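Visitor: I would like to learn how to read a structure like this one, feature by feature. Please show it first.

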Amino acid sequence: MANRKLYLHYLGLVGAIALGAILRFWHLDLKPLWMDEVITAIFSFGKSYNNVPLDVLLPLERVPEIFTIQPGVSCSQIAKNLATQSTHPPLFFCWMYSWLELLSPVGSEWIAKLRFPAAFFGVGAIVAIYSLNRIAFFRSAGIIGAAFMAVSPLAVYLSQEARHYTLPMLLITLALLGLVQIVKDIERQQKVRFWVWLQWAIMNSIGLYVHYFCTLAFIAQIATLLVLICWYRANIMNKRQIWLALILSTSVVAISFLPWLPMVVNDYNRAEIDWLQSPKNISPFYQTLISWLLMVISLPVENQPFAIAFLLGLSMLLFGIWVGWQVFQGLKQLLYEQSTHLATFTLLSFSVWVLLEFFAIAYLLGKDITAVPRYHFVYYPAFCALLSASFAQVNKKEKIRKKCIFNVHSSIFILLIVGILSCVFVVSDLVFQKPFEPGKVAQNMNQDPSIPLMMVVGYRDYQDVALGLSFALALEPLRGVGEDKLISSSPSSNVAFFKQSPDFASVLQKLSQLPTPTATHLNLWVVGPGRKRRDYPQQIAVSQQMTCSKDSLQYYRIGVPYQLYHCKN
C-alpha cells in the first residue's frame with residue numbers, strides 16, 4: 001500500500017512537470033517579439049545598438065540579419081554593452097549568448113530558440129516549488145504546489161517571455177528552500193549546517209547578477225531571519241553560530257556583488273526607467289490584488305467589447321474571492337499546527353517584507369512597480385507555496401474527518417482546470433498581450449500590401465530603437481511573398497531610424513535628405529515616440545522629389561503614436 005501511494009505521488013509529480021512543459025513550450029513562437037524581448041535578443045546575440053543600422057534606409061527583409069550571433073564575444077564584453085546601453089545585470093545575457101552560440105546558426109526559428117531558456121527555467125521552477133513545499137509542509141503540498149505552478153497563468157506568461165523572469169524566480173525559490181531549512185534548524189536547536197547557509201548565499205548571489213529585483217528578495221529574507229532569530233532568542237542554544245553564519249553568508253552575497261554595484265547606481269539614474277509612474281492614491285494596493293488574481297485566473301478581457309470584458313472580469317473577481325476564502329481557511333490551519341507553523345510564518349513574512357519594499361519604492365521613490373504584473377515574480381514562489389499548501393491542508397483535514405472529501409477534491413480540481421483554461425488563453429495571445437501590440441501595429445501598417453512601404457522611427461533613446469525593431473520584425477513576414485523574400489515580387493519595404501535631436505524636426509529634415517525612391521507611390525508611416533497628434537505636419541517631403549500628405553483617418557496610438565502619409569512624385 002505504501003509503495004502504491006509513493007508510486008502515485010511521483011506519478012503526479014511527473015504529470016505536473018509534463019503538463020507545465022507542454023503549456024510553456026506550446027506555440028512558443030506564436031506571439032511577436034515586443035520591445036523588451038528585442039532588447040534581450042540584441043545583447044544575447046553578443047551585439048549592441050552599435051550593430052543596428054541607424055540614420056540609414058534599411059530594407060525590411062534585412063532586419064532579421066541584425067538578430068544573428070556575433071562570434072567570439074566574451075561575457076565581459078556583453079557586460080560592457082549592458083553597462084553602457086541598458087539597465088540590467090549581465091549573467092542572464094551571458095548564459096543566453098552561450099545557448100544561442102551553441103545553436104548557431106539559429107535559422108528562421110530563432111524566436112522560439114530565444115524563448116526556450118525562459119520556458120526551460122519555468123519548468124525548473126515547478127520542480128523547485130515541489131521541493132520547497134515538501135520540505136516546508138508535507139508531500140501532498142509539494143504535489144499540489146507543482147501542479148499549481150504548472151498551470152498558473154502568470155507563470156506560463158513569464159515562461160514564454162524571452163526575458164529574465166523565470167530564472168530569478170527559480171533562484172528565489174531555491175533560496176527560500178534554503179531559508180526554510182535554516183529556520184527549521186533554528187527551531188529544532190540543531191547544529192548550524194554551514195553548507196545550507198552557503199547554498200542559500202550562493203542562490204542569492206547568482207540572483208543579484210540575474211535581476212536587480214533579487215535584491216528585494218534578499219533583503220526580505222534577511223529581515224525574516226532577523227525576526228525569527230529575535231522571536232526564538234530565548235530558546236536558541238547556539239546563538240553565536242547562528243549570528244556568525246548569518247553575518248558570513250550576508251557578507252559573501254554583498255562582497256560578491258561589489259564589482260557591479262557602481263553600475264546599479266548608474267542604472268538608477270538612466271532614462272530607461274523613467275516610464276514608471278508615481279502611484280495614484282491607493283493604486284499600489286488594488287494593483288497588487290489584481291496581480292494576485294492574475295496568478296490564479298486570467299480570462300480575455302483585453303481589447304474586448306465592454307459587455308464581454310465586464311462579464312469575464314466579474315467572473316475572475318468571484319473566482320478570486322472563492323480562492324481567497326479557501327486560502328484563508330487553509331492558512332489558519334497551517335499557522336495553528338505546530339509542524340507547519342514556522343514554515344508558514346517564514347513564507348508569509350518574506351512576502352510581507354517584499355510587498356513593503358514594493359510600496360516603499362512606489363511611494364518614496366515615485367516608481368510604482370506594483371502596476372506591472374510581471375514584477376511580482378519576486379514573491380510569487382512564496383505566494384504559490386502558501387496557496388497550494390493551504391488547499392493541501394484543507395484537503396488533508398477533510399480526509400482525516402472522513403467527510404466532504406468530494407467537495408475538497410473538486411475544489412483542487414476546479415483550481416487546476418481554471419488554471420489550464422487561463423493558460424490556453426495566455427498561449428493563444430488573448431491574455432497578457434504584448435505591450436505596444438507589435439502584431440496589431442504591423443497589420444495596421446500593412447493595410448495596402450500592393451503599395452511600397454516605408455516606416456520611419458524617430459527615436460529618443462535605444463528603447464525606442466528596440467520598439468521600432470519589434471514593429472519591423474512583425475511587419476517583415478507580412479510584406480514578403482513566398483519563401484524567398486529576396487526574389488519575391490512584393491513591393492519594396494524599408495525602415496529607418498532617425499534620432500529626435502534636438503527635436504522632431506530633425507527627423508523630418510533627414511527624411512527630406514533620403515535618396516529619391518524608385519516607386520511613384522509610397523505609404524510612409526512615421527512613428528514618433530513622445531510625440532502628439534499635432535506634432536505631425538500636414539505635408540512632409542521624402543528626398544526632394546516626393547511629397548507626402550497626411551491621412552487624417554490613419555492616426556493610431558498604441559503606447560506610441562504612428563501616422564500614415566501617402567506619398568507620390
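Guide: Start with the sheet: 7 strands form an open sheet in the order β1-β3-β2-β4-β7-β6-β5, with mixed pairing. Strands here are DSSP runs of E with at least two residues, helices are runs of H or I with at least four, and both are numbered from the N terminus. Two strands pair if DSSP finds at least two bridges between them. This is a predicted model, in which local features need pLDDT of at least 70 and side-chain atom pairs count only at pLDDT 80 or more, while totals for chains, interfaces and linings use all residues. Residues are numbered from 1 along each chain as its sequence is written, and side-chain values use heavy atoms, leaving out hydrogens and water.

Visitor: Which strands stand at the edges of the sheet?

Guide: β1 (57-59) and β5 (539-542) do; each has a single partner strand, so one side of each lacks a neighbour in the sheet. On average, neighbouring strands of this sheet are turned by 30° against each other, direction ignored. Axes are lines fitted to C-alpha atoms, for helices over the stretch in contact, and angles run from 0 to 180 degrees between N-to-C directions.

Visitor: In what sense do β2 and β4 pair, and over how many bridges?

Guide: Strand β2 (residues 453-459) and strand β4 (residues 521-527) pair in the parallel sense, over 5 bridges. To find the place by eye, look for M455, which stands opposite W525 in β4.

Visitor: Which strands does helix α19 lie across?

Guide: Contact means heavy atoms within 4.5 Å. Helix α19 (residues 462-479) lies across β2, β3 (493-499), β4 and β7 (560-568), and runs at about 170° to β2. Helix α20 (residues 505-512) lies across β2, β3, β4 and β5, at about 45° to β5.

Visitor: How many aromatic pairs are there?

Guide: Rings of Phe, Tyr and Trp (for Trp the six-membered ring) pair if their centres lie within 6.5 Å; planes under 30 degrees apart count as stacked, over 60 as edge-to-face and the rest as tilted. By this rule there are 31 aromatic pairs. One of them is W99 with F116, stacked at 5.0 Å centre to centre with 15° between the planes. This pair links distant parts of the chain, with W99 in helix α4 (residues 91-103) and F116 in helix α5 (residues 110-136), 17 residues apart. Both rings also belong to one aromatic cluster made of F25, W99, F116, F120 and F121.

Visitor: How many salt bridges does the whole structure hold?

Guide: A salt bridge is a side-chain nitrogen of Lys or Arg within 4 Å of a carboxyl oxygen of Asp or Glu. The search finds 9. Among them, D36 meets R374 at 3.8 Å, N to O. D36 is in helix α2 (residues 35-44) and R374 in the loop between α15 (338-364) and α16 (380-401), 338 residues apart. D36 is buried at 9% relative accessibility, and R374 is buried with a relative accessible area of 9%.

Visitor: Where does the charged end of R374 sit?

Guide: The charged end of R374 sits over the ring of Y375, 5.3 Å from its centre. The rule asks for NZ of Lys or CZ of Arg within 6 Å of the ring centre and within 35 degrees of the ring normal.

Visitor: Which residue does E37 meet in a salt bridge?

Guide: E37 meets R115 at 2.9 Å, N to O. Both E37 and R115 are buried. Another salt bridge joins R460 and D464 at 2.8 Å, N to O. Salt bridges that share partners join E37, R115, E161 and K434 into one network.

Visitor: Why is α2 described as largely enclosed?

Guide: Because 10 of the 10 residues of α2 are buried, it is largely enclosed by the rest of the structure. What covers these buried residues includes α3 (75-85), α4, α5 and α19. Just after α2, G46 takes a positive phi of about 80°.

Key
Buried means under 20% relative accessible area, exposed over 50%, partly exposed in between (1.4 Å probe, protein chains only).
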